[in-house]
Structure formats: structure tokens, C-alpha cells
Amino acid sequence: MHSEAHPILDLAHLSWPFFDDAHRGFATGLARWADPAVDALLVAGDVNASCRRLVRALGDAGWLRASVPRAYGGLHDSLDVRTLCLAREILAWHDGLADFVFGMQGLGSGAISLFGSHALKSRYLPAVCAGRAIGAFALSEQEAGSDVSAISTAAVPDGAAHVRLDGGKTWISNGGIADFYVVFARSGEAPGARGLSAFVVDADNPGLSIAARIDVIAPHPLATLRLEGCRVPLSHRVGAPGAGFKVAMATLDIFRSTVGAAALGLGRRAQAEALYRAATRRLFGGPLGDLQLTQAALADNAAELDAAALLVYRAGWTKDSGAVRISRESALAKMYATEAAQRVIDRAVQLFGGNGVRVGVKVEALYREIRALRIYEGATEVQKIVIARDLLKSQAAAAAAGAAQ
Ligand code: COS
């Protein structure tokens with residue numbers, strides 16, 4: 001028997017002190033829109049078409065206004081991390097691809113929003129916001145995934161006003177359907193992390209091509225890019241020459257929190273499915289939910305989901321309250337929320353028994369969907385490095401301040 005669950009979207013956390021009325025209005029409005037709009041936009045068996053339809057509809061309905069600053073059509077003066085997180089949580093609750101397209105519009109254009117010139121912002125952000133242009137963040141390479149400072153794609157001056165990009169990028173979300181790519185390359189001002197720069201490359205640039213599409217367990221548009229004599233105007237550089245590593249990390253600070261939010265949405269959906277299952281499945285003469293081991297699973301899920309939500313919205317609130325960097329907070333949120341959601345979803349699969357691994361049942365899809373979130377935008381191991389380094393730095397600073405007294 002397939003699951004015919006009627007799961008309930010729990011937005012009780014909107015009463016927490018991290019949010020104001022604008023957040024509550026946004027979240028309840030999006031939740032009303034998403035059901036049934038999201039399911040109706042999906043094209044069975046065609047991931048690219050589903051993504052294009054979802055982006056356009058999210059743009060038409062105004063939800064992508066959360067992805068760009070107000071001056072370019074957005075909702076807030078600068079990106080509001082809590083709004084981005086609420087959107088990803090709600091969309092992920094409905095469907096992984098709906099969350100994916102929303103998240104990638106923000107990540108793909110995030111470096112431009114944060115560091116782009118007015119000309120670049122004017123050219124790309126209104127179209128991103130309207131759902132008329134799809135963006136992509138092209139950082140990873142075959143030999144530079146976790147170790148960003150090892151990027152080898154070369155950016156070499158080409159005349160006075162251009163640069164030529166040569167190399168390859170891989171694991172690029174929206175690869176093949178994007179209208180533009182923010183490409184990070186070695187411009188050589190200094191070795192390692194201090195010699196990278198970011199450039200916006202239009203998808204129709206003759207020097208950019210899709211080398212291969214990458215198929216993964218929860219299908220998304222994902223590709224390897226080839227850059228060959230890819231000529232880009234210097235005016236398309238995002239941020240200062242040599243500042244590419246910081247551009248990438250500051251963008252990831254914001255969007256890692258939102259990956260935690262997406263994991264939270266997937267986890268909450270699994271818990272909603274598990275609660276419905278516990279109430280409706282009968283065995284040993286009563287409902288599954290009467291068994292204490294079921295109750296233990298539901299309670300563990302509830303604790304981990306609330307802990308994840310607290311970390312995610314603490315990170316967003318910290319940034320929105322004016323913090324320049326939220327590296328530790330966003331790493332904690334991403335690490336904990338993605339790992340916890342994996343456990344929550346696994347427990348939900350177990351409560352569904354054989355139906356938990358049956359294709360077409362929601363918890364089976366969630367089980368495949370969550371896995372990549374523990375890897376992309378900085379694997380859990382990278383988040384641990386970021387967290388521990390920040391703790392040690394704070395400890396050293398506190399010790400030095402103590403010694404100076
Ligand atoms: N915001 C602004 N600046 C930052 C920053 C941030 N969040 N994080 C680091 N920096 C700065 C540092 O302050 C340092 O500046 P100075 O040279 O002026 O001191 C510089 O950037 C280099 O930082 P660091 O020494 O930490 O660089 P590492 O090469 O050791 O980086 C990790 C280490 C692993 C943390 C980094 O490479 C990383 O996050 N990797 C994962 C990348 C990723 O998410 N890949 C997925 C791609 S998207 S799917």
C-alpha cells in the first residue's frame with residue numbers, strides 16, 4: 001500500500017522571538033501558495049523542465065524577491081537570511097526541487113548581490129528576481145572541492161579590458177539550464193586563497209560549454225563545465241582582483257544557513273509523515289503510535305528538529321542583526337541540521353516498514369533527497385574545521401586580552 005498521508009506543515013516556530021510580523025506574513029503566504037502550486041508545476045521525469053517552470057512561477061508570484069536586494073526588485077535592503085531560510089524550509093517540506101531552484105537563484109546571484117558593481121547588479125538581479133534568468137555558482141573543480149584555495153581554472157589578462165578563462169568546473173548546480181555562471185578562477189595576485197577572482201560568465205559565451213551532465217540519487221540539474229578561451233569583460237569581475245576566496249566564503253556564510261533550513265524542511269516533512277503513520281497504521285491490536293519505541297522515535301525527531309531550527313534561525317538572526325561574519329553560526333546550523341535531518345528521515349523510513357523504501361512513497365524520496373545536503377556547500381567535515389578554527393581563534397583572542405590586562 002502506498003502512503004496516502006495527509007501531513008500537516010507545522011509552522012509553530014513562527015512565534016519564536018527570531019521573527020517579526022513580516023517574516024510571519026511571508027511564511028504563511030508562501031505556505032498557502034505552495035500547496036497546491038508546487039506539485040502542479042512538476043513535470044514527471046523531466047527535471048530541467050520542472051526547474052524552469054518552478055523558477056518562473058516563483059518569480060511571477062513574487063517569492064524570488066527574497067533572493068535579491070530591494071534596489072533591484074527585492075524585499076529587503078540587503079538579503080534577509082531568515083526570509084531565505086523560511087522559504088527554503090517551506091519549499092523543501094513540499095518538494096526537494098522546489099527548494100533547490102529557490103536556493104540556487106539566491107546562491108547563483110548571491111556573490112553579485114553582495115559584491116557586484118551597480119552595473120552587474122542592474123544587469124542580472126532584476127531578471128533573477130522575476131524568474132527570467134537562472135543563476136549558478138561555479139566554484140568546485142575536479143581537484144578543488146573542499147580545498148577551494150587549490151582552484152586551477154586560470155584567469156589570464158586578454159587585452160586591456162578582458163580576461164580569458166581556461167579550465168573546468170564540476171558539480172555545478174543548474175549546469176545546463178543556467179543563463180549565467182559566477183565562475184571562480186585563479187587570477188594570480190598571490191598564491192593560494194589570495195589569488196582568486198570571480199567573474200560572471202553568460203551561458204551563451206562561446207568559450208563555455210557543458211562537458212557532461214551528472215546524475216545523482218535525487219535528480220537535480222548538475223553538470224561539469226568546460227572553459228576554453230572564454231573571453232569575459234573585466235567589468236564582469238565580482239569584487240576586487242584577488243578577493244575571490246572571500247567573495248566565495250562570504251556568499252557561503254549566508255547560503256550555508258539556508259542549506260540547514262532546507263534540511264529542516266525535509267526533516268519536518270518526514271516527521272509529519274511519521275506522525276500520520278503513527279496515528280493510522282494499526283498493529284499488535286492498536287495504533288503504531290501506542291508503542292513506546294514509536295514514541296521514542298517521534299520524541300527524538302522532535303528534539304533534533306527544534307535544535308536544528310534554533311541553530312538555523314539563530315544564524316539568520318545574527319546576520320540580519322548586523323554581524324559582518326557568521327562563519328561559526330552558519331557552519332553549526334548547516335552541520336547540525338543536515339546531520340539531524342538525515343537521522344529524522346531514517347527513523348521515519350523505519351516507521352513505514354517496507355513501504356519506507358518503496359519508490360513513490362514520500363519518505364523514500366526524502367531519504368534520497370537529504371543525502372547530498374551533508375556534502376554540498378561544504379561537507380560536514382569542512383563545517384567542523386570552520387567551527388573549531390573559530391573556537392580556537394576566540395580562545396586565543398580571549399587569552400591574549402587576559403594577558404594584556
Ligand atoms: N568571510 C570572509 N572571509 C573569509 C571567510 C568568510 N566566511 N572565511 C575565510 N575568509 C578569509 C580568511 O579570513 C583568510 O583571510 P586572510 O588571508 O586575509 O587572513 C582567507 O579568507 C583564507 O581563509 P582560510 O585560511 O580559512 O582558508 P583555507 O584555504 O584554510 O579554507 C576551508 C579552509 C576548508 C574552510 C574552505 O576552503 C572551505 O570552506 N571549503 C569548502 C568549500 C565549499 O563549500 N565547497 C563547496 C562549493 S559550493 S557546492
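**Close-up 1. The kink of helix 1 at Ala34.** In this predicted model, helix 1 carries a kink of about 50° at Ala34, a position that comes shortly before the proline Pro36.

**Close-up 2. Length and N-terminal cap of helix 1.** The N-terminal end of the helix is capped by Asp20, which places a side-chain oxygen 3.0 Å from the backbone nitrogen of Ala22.

**Close-up 3. The shell of residues around the ligand.** The ligand is surrounded by 21 residues, of which Ser146, Arg194, Arg256, Gly378 and Arg389 are the closest. Helix 6 (244–280) and helix 10 (380–404) each contribute at least two residues to this shell, and helix 6 gives the most, with 7 residues.

Close-up 4. On the backbone side, an N or O atom of Ser146 lies 2.7 Å from a nitrogen atom of the ligand, while a polar backbone atom of Gly378 is 3.0 Å from a ligand oxygen atom. Arg389 takes part through its side chain, with a polar atom 2.8 Å from an oxygen atom of the ligand. Taken alone, the ligand exposes 1,000 Å², and 74% of that area is buried by the protein.

**Close-up 5. Asn174, a residue with positive phi.** Although Asn174 is not a glycine, its phi is positive, at about 75°. The residue lies in the loop that joins strand 3 (162–173) to strand 4 (180–186). Asn174 counts as buried because its relative accessibility, 2%, falls under the cut-off of 20%.

Close-up 6. Glu377, which is not a glycine either, has a positive phi of about 55°. This residue is found in the loop between helix 9 (362–371) and helix 10. The relative accessibility of Glu377 is 12%, and therefore this residue also counts as buried. Gly378, listed among the residues closest to the ligand, provides the polar backbone atom that lies 3.0 Å from a ligand oxygen atom.

Close-up 7. Asp253 lies in helix 6, the helix that gives the most residues to the shell around the ligand. With a relative accessible area of 7%, Asp253 is buried. When residues up to four places away in sequence are not counted, Asp253 touches Arg325, Ile326, Ser327 and Ser330. The C-alpha atoms of Asp253 and Leu332 are separated by 11 Å, with the two residues lying 79 residues apart along the chain.

Key
Residues numbered from 1 in each chain as written. Predicted model: local features only at pLDDT ≥ 70, side-chain atom pairs only at ≥ 80, totals over all residues. Heavy atoms only, no water. Bend = angle between axes of the 7 residues up to and from the residue. Helix = DSSP H or I, 4+ residues; strand = E, 2+ residues; numbered from the N terminus. Polar contact = N/O pair within 3.5 Å; in protein donor to acceptor, adjacent residues only side chain to side chain. Near = heavy atom within 4 Å. Areas by Shrake-Rupley, 256 points an atom, 1.4 Å probe, with all protein chains shown as cover. Buried < 20%, exposed > 50% of the residue type's maximum accessible area, 1.4 Å probe, protein only. Contact = heavy atoms within 4.5 Å.
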